[in-house]
Amino acid sequence: MCFRPAAVSMSVTCPKCGAECALDAKSCSACGADLPDAPSVPGAPGAPGAPSMPGMPAAPGAPAKPSAPGAPKAPGAPQ
């Protein structure tokens, strides 16, 4: 399996006349129309960000005092 990055256009299309203009141009070289801002180049899809450093875990608390068992209930006694 090979990895091929997405094609990135190094030009922008004029919305008025359709001419291909340089990516950093502010206006069309053919008709003079204002060009939209250049789109940002996206990062690699699915690439994880830098892993974050986990913090220190909290200290465990003292165990709870065990409860004393209750007296057994008599058979047939109300609950």
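View 1. The model is predicted, with local features requiring pLDDT of at least 70 and side-chain atom pairs pLDDT 80 or more, while totals for chains, interfaces and linings use all residues. Residues are numbered from 1 along each chain as its sequence is written, and side-chain values use heavy atoms, without hydrogens or water. Over residues 14-35 the chain is 14% strand and 0% helix, and the end C-alpha atoms lie 6 Å apart. Helices (H or I, at least four residues) and strands (E, at least two) are DSSP runs; the chain contains 2 strands and 0 helices.

**View 2. The largest nonpolar core.** Val-12, Cys-14, Cys-21, Cys-28, Ala-33 and Leu-35 form this core of 6 residues. A nonpolar core is a set of buried Ala, Val, Leu, Ile, Met, Phe, Trp, Tyr and Cys residues joined through side-chain atoms within 4.5 Å. Beyond its neighbours within four places in sequence, Cys-14 is in contact (heavy atoms within 4.5 Å) with Ala-19, Cys-28, Cys-31, Ala-33 and Leu-35.

**View 3. Cysteine sulfur atoms.** The whole structure has 0 disulfides (pairs of cysteine sulfur atoms within 2.5 Å). For Cys-17, the closest cysteine sulfur is that of Cys-28, at 3.6 Å, too far for a bond. The sulfur of Cys-31 is likewise too far for a bond from its closest cysteine sulfur, in Cys-14, at 3.7 Å. Buried means under 20% relative accessible area, exposed over 50%, and partly exposed in between (1.4 Å probe, protein chains only). Cys-17 is partly exposed at 41%, as is Cys-31 at 34%.
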